[in-house]
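Open the model in your viewer and keep the selection panel at hand. The stops below go from a whole chain to single residues.

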Amino acid sequence: MTHPTLATFRPATTEPDWMRRILIGLVIALLTVLLFAPLIAVFAEAGKRGLAFALQSLTDPDAQSAIRLTLTVAAISVPLNAAFGIAAAWAITKFDWRGKAFMITLIDLPFSVSPVVAGLCFVLLFGANSAIGGWLVAAGHPVIFAVPGVVVATMFITFPFVARELIPVMTEQGRAEEEAALTLGASGWRIFFTVTVPNIRWALLYGVLLCNARAMGEFGAVAVVSGKIRGQTSTMPLMIEMLYNEYLSVAAFTMATLLALLALVTLTLKSALEWRFADQLAASSRH
Amino acid sequence: MRALAFRSPSPMPGWGLSFGVMVLMLSLIVLMPIGTLLLRGAHIGLGEIWHIVNTERVRAALALSFRASLIAALFNLVFGLILAWVLVRYHFWGKRIIDAAIDLPFALPTAVAGIALTAIYAPNGAFGAILMNTFGLRVAYTELGIWIALIFVGLPFVVRTVQPVIEEIDREIEEASATLGASRMRTLRKVILPMLTPALLTGLALALARSVGEYGSVIFIAGNLPLQTEIAPLLIVIRLEEFDYNGAVAIALAMLAISFLMLLAINLIQVWSRRRMGAA
């Protein structure tokens with residue numbers, strides 16, 4: 001369509017010009033209504049009564065406590081899940097054993113469990129009425145309605161992210177480089193840090209990025225286990241719900257703006273990784 | 001003998017550590033919690049679970065969750081296919097931004113999506129007012145609102161499973177089809193679509209599994225009226241708040257059973273598509 005001389009000779013492997021225009025128009029229209037408008041609404045609603053008013057709501061001690069808790073929970077759960085992802089990818093891609101496919105299905109399990117059901121599982125496991133929970137409460141370390149519960153629920157929800165990104169990448173890369181290092185006498189950790197890590201670093205960063213975005217934004221599972229105690233177990237998404245239900249719209253949307261900005265930063269970094277290091281990411285994340 | 005061994009011998013280091021960390025963390029974070037839920041279910045008993053699930057309010061919530069998820073996933077199946085096609089085959093201004101924006105529902109926390117969609121589609125919101133005044137259509141606080149939220153949440157799945165497959169299509173197949181006299185529409189329908197079907201179904205199943213359990217983005221826009229706009233995950237939360245743990249467990253197990261069947265279906269689809277495409 002950019003070559004005027006060829007305009008009348010449409011290649012057999014494309015659609016007619018009018019059809020392309022309709023499809024592109026349809027896509028842009030629907031995405032505007034479904035994606036872009038809600039995103040803009042977050043910023044617009046937050047700024048309804050001016051920037052100063054919006055920023056004022058963030059100085060509230062409960063709001064600051066929620067921001068601190070969200071950062072703390074992500075700082076604990078994301079590195080632990082990254083460690084799990086690396087270990088699982090190593091065990092699955094560097095060795096041959098029976099039941100790998102079943103193991104991958106188990107790792108993927110949290111993706112098909114409702115966040116609310118995940119929260120319920122932890123309430124049953126660690127709640128004051130359960131054997132483990134009763135003992136923990138007696139020992140002065142409650143999990144449910146406390147920060148540890150928020151951490152484990154977040155870990156459950158974000159559990160597959162890093163493993164899912166690393167396993168296909170490491171399968172594709174094979175074992176030849178590690179085996180070469182092994183025959184040259186390198187130790188296990190040396191092989192890992194000098195051979196494997198440089199090969200998987202961008203895929204690892206990609207997985208960590210998605211894991212972190214989900215960890216900071218998790219709502220359903222955390223809502224169930226945290227008890228939503230203001231200033232203690234309320235994360236940013238829970239604070240948004242409470243403020244919204246109290247008709248403190250500007251405060252709710254200001255808090256939401258912070259998380260929307262996090263989402264935008266995540267998407268930008270993710271796209272940058274996809275464009276720059278496409279060959280080092282899992283096939284499903286290259287476009 | 002070797003075929004019976006759990007693991008083939010390998011000189012590669014780190015087996016014990018990596019396998020140990022994997023199994024330990026998987027057990028602690030995923031298997032033990034889910035196991036507790038299943039044990040509790042076994043303790044309650046199948047008859048009692050059926051008794052709890054087979055009440056008007058629970059039936060309505062489960063039916064709503066699955067109906068709305070199916071409608072949203074089918075919408076995303078069609079829209080996602082068009083979107084993936086447009087993104088791979090056409091060139092237009094702003095394409096890269098749109099490609100990056102597809103993943104917004106993955107990156108944007110569900111609570112943020114929930115209040116944002118409500119703000120827009122509420123009767124006094126930007127789109128809600130237009131729909132209300134011109135068509136008399138209420139979106140927020142009705143089942144229509146639940147559809148919108150679930151369409152938002154499930155949007156990336158079909159696009160992201162189909163997009164790589166479209167990129168891999170060999171144009172020569174389309175040329176061959178055209179040389180043999182097929183119209184463009186016929187080529188799309190008879191040649192391209194069958195190649196995309198396995199990926200489309202996978203994307204559909206993923207979107208469905210996600211939508212059925214979705215909570216955060218739905219509860220703000222749904223209105224949450226029992227028997228009308230109360231989704232199953234919300235009913236679990238309500239039961240928990242009433243300390244009716246058995247009630248919560250029964251609904252959760254009903255949902256989990258259906259989700260697990262979906263996971264199984266995804267795996268079967270993948271096996272089937274691999275066989276059909278003749279790949280290893």
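This is a predicted model: local features need pLDDT of at least 70, side-chain atom pairs count only at pLDDT 80 or more; totals for chains, interfaces and linings use all residues.

Residues are numbered from 1 along each chain as its sequence is written, chains are lettered from A and ligands numbered from 1 in the order in which they are written, and side-chain values use heavy atoms, with hydrogens and water left out.

**Select chain B.** Chain B has 13 helices and 0 strands (DSSP runs numbered from the N terminus: helices are H or I, at least four residues; strands are E, at least two). Its C-alpha atoms fill a box of roughly 75 × 65 × 35 Å along the principal axes. Of its 280 residues, 55% count as buried (under 20% relative accessible area; exposed is over 50%, partly exposed in between; 1.4 Å probe, protein chains only).

**Select residues 67-270 of chain A.** An unreviewed UniProt entry lists this range as "domain: ABC transmembrane type-1"; such annotations may be inferred rather than shown by experiment. The range is 77% helix and 0% strand, with its end C-alpha atoms 23 Å apart.

**Select Leu227(B).** Leu227(B) sits in the loop between α11 (216-222) and α12 (232-241) of chain B. Its phi is positive, near 70 degrees. Most residues other than glycine have a negative phi. Leu227(B) counts as partly exposed because its relative accessibility is 45%.

**Select Phe243(B).** Phe243(B) lies in the loop between α12 and α13 (245-277) of chain B. Phe243(B) also has a positive phi, about 60 degrees. With 62% relative accessibility, Phe243(B) counts as exposed.
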